[in-house]
Amino acid sequence: MAEPDEPPRTTPPAPPCPICGKPAEPAFRPFCSGRCADVDLQRWLSGRYAIPTGEQGPGDDDPEA
Ligand SMILES: [Zn+2]
């Protein structure tokens, strides 16, 4: 006997491209294209290199500790 609250067997929709919001392509997920993937990479690298030194204070302690 099937239960009345059985969830649908449909595949969940892929999350949209975080760059432009278009549906992501499996080949480039989570992006919609290699271009958006490159844009995200550039943003990531820019943000990483843009971190000013000394913002977390002296020492090499883990800020999340
Ligand atoms: Zn995109």
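This is a predicted model: local features need pLDDT of at least 70, side-chain atom pairs count only at pLDDT 80 or more; totals for chains, interfaces and linings use all residues.
Let me start with Arg35, which is exposed at a relative accessible area of 70%, where exposed stands for over 50% relative accessible area, buried for under 20% and partly exposed for what falls in between, with a 1.4 Å probe and protein chains only.

Residues are numbered from 1 along each chain as its sequence is written, and side-chain values use heavy atoms, with hydrogens and water left out.

Now to the metal. Which residues coordinate the zinc ion? The SG atoms of Cys17, Cys20, Cys32 and Cys36 do, at 2.3 to 2.4 Å, where a donor is an N, O or S atom within 2.8 Å of the metal (3.2 Å for Na, K and Ca), and where sites may look incomplete because water is not among the atoms. The angles among the 4 donor atoms run from 100 to 120 degrees, and the site is tetrahedral, a label given to four donors if all angles lie between 85 and 135 degrees. Along the sequence, the donor residues follow the spacing C-x2-C-x11-C-x3-C. Cys20 and Cys32 both lie in the segment before α1 (34-49), so this pair ties together parts that are 12 residues apart in sequence.

Let me take the cysteines in turn. Cys20 is partly exposed, at a relative accessible area of 39%, whereas Cys32 is buried at 15% and Cys36 is likewise counted as buried, at 8%. Leaving aside residues up to four places away in sequence, Cys20 touches Cys32 and Cys36, a contact being heavy atoms within 4.5 Å. Between Cys20 and Cys36, which are 16 residues apart along the chain, the C-alpha separation is 7.5 Å. And how many disulfides are there? The count is 0, taking a disulfide as a pair of cysteine sulfur atoms within 2.5 Å.

One backbone detail deserves a mention: the peptide bond joining Arg29 and Pro30 is cis, with omega at about 5 degrees, and Pro30 sits in the segment before α1.

Finally, the chain as a whole. It has 1 helix and 0 strands, these being DSSP runs numbered from the N terminus, with helices (H or I) of at least four residues and strands (E) of at least two. Of its 65 residues, 8% count as buried, and among contacts with a separation of 6 or more, 3% come from residues 24 or more positions apart. The accessible surface of the chain is about 6100 Å², with 55% of it belonging to carbon and sulfur atoms, as given by the Shrake-Rupley method with a 1.4 Å probe, where for residues only the protein chains shown count as cover.

Conventions:
Four donors count as tetrahedral if all angles lie between 85 and 135 degrees; four count as square planar and six as octahedral if opposite donors are over 155 degrees apart and all others between 65 and 115; anything else is irregular.
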